Amino acid sequence: MITASMVKELRTRTGVGMMDCKKALTEANGDMEKAVDILREKGLSKAAKKAGRIAAEGIVGSYIHGNGRIGVLVEVNCETDFVAQTEGFHALVKDIAMQIAAANPLYVSREEVPADVISHEKEVYRQEALNEGKPEKIVDRMVEGRVEKYFKEVCLLDQPFIKDGDKTINDVVLEATVKMGEKVSIRRFTRYQLGEGIEKKQENFADEVMSQIKK
């Protein structure tokens, strides 16, 4: 069983985020040294060492989908203007903008989700579990699991990457940090959808964006 203290210890040793530490420990069947090696092999330890740096350069990228029906602006930062002007960085920003268009996140990271929103979601999930007749002793575990699922739906960094569902956007950013040799981060985004707030026929924009990627 992977405990919170094990995850905390691995994070202290490597500087890597909690979720990636938990994944590494799970993959290593709880072996701390093996988990450290897994993170090193993935380059995440190296990326974590860059996390404290200041990334104030970068670009504001855009993506317009479906003849102007969805528009996205996203600010992605790096450390130098040199990297900001590279083809690889521009491709990364485009991918992130398309992700936002397709998956419609509400926040960049789970740290941005207001505490009252999380409390409300937990209460709803708790009542759902109790209404399903689940034993009180496992309700808290179910609530935490459903909150994690909520984060994966509304937080950009936690979302599965539309081009590779085995990766999260956080994984994509960390890989870019390692590849480009300097800190890369997503600062903010805005997503506009034509007719938003007006009652109309629902359309699956995620499928549309994916079909455009495959062309």
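**Notebook: contacts, helices and rings**

I began with the contacts in the protein. Among those with a separation of 6 or more, 59% join residues 24 or more positions apart. I noted that the model is a predicted one.

**Overall make-up**

I looked up the secondary structure next. The protein has ten helices and five strands. Then I checked burial. The protein has 215 residues, and 41% of them count as buried. I also looked up the accessible surface, which comes to about 12,800 Å². Carbon and sulfur atoms hold 50% of that surface.

**Helix α9**

I turned to helix α9, residues 169–180.

Which residues of α9 are buried? I found I169, D171, V172, V173, L174, A176 and T177. I kept a rule beside this list. An α-helix has 3.6 residues a turn, so residues three or four places apart point the same way. I169, V172, V173 and A176 are among the buried ones.

G181 follows α9, and its phi is positive, near 75°.

**H90**

I picked H90 in helix α6, which covers residues 87–103. Is H90 buried or partly exposed? Its relative accessibility is 35%, so H90 counts as partly exposed. The cut-offs here are under 20% for buried and over 50% for exposed.

What does H90 touch, leaving aside its neighbours within four places in sequence? I listed I59, A84 and Q85. The side chain of H90 also reaches the backbone oxygen of A84, at 3.0 Å. H90 and V60 are 30 residues apart in sequence, and their C-alpha atoms are 9.7 Å apart in space.

**Aromatic rings**

How many aromatic pairs are there? I counted one. Y150 and F151 have ring centres 6.3 Å apart and planes at 50°, so the pair is tilted. A tilted pair falls between the cut-offs of 30 degrees for stacked and 60 for edge-to-face. Both Y150 and F151 are buried.

**Cysteines**

I searched the whole structure for disulfides and found zero. I still looked up two cysteines. C21 has 0% relative accessibility, so C21 counts as buried. C155 is at 0% as well, so C155 is also buried.

Definitions and conventions. Residues are numbered from 1 along each chain as its sequence is written. This is a predicted model: local features need pLDDT of at least 70, side-chain atom pairs count only at pLDDT 80 or more; totals for chains, interfaces and linings use all residues. Side-chain values use heavy atoms; hydrogens and water are left out. Rings of Phe, Tyr and Trp (its six-membered ring) pair if their centres lie within 6.5 Å; planes under 30 degrees apart count as stacked, over 60 as edge-to-face and the rest as tilted. Buried means under 20% relative accessible area, exposed over 50%, partly exposed in between (1.4 Å probe, protein chains only). A disulfide is a pair of cysteine sulfur atoms within 2.5 Å. Helices (H or I, at least four residues) and strands (E, at least two) are DSSP runs, numbered from the N terminus. Contact means heavy atoms within 4.5 Å. Accessible areas come from the Shrake-Rupley method with a 1.4 Å probe; for residues, only the protein chains shown count as cover. The expected span of a helix is 1.5 Å times one less than its number of residues. A polar contact is a pair of N or O atoms within 3.5 Å; within protein, one must be able to donate a hydrogen and the other to accept it, and residues adjacent in sequence count only if both atoms are side-chain atoms.
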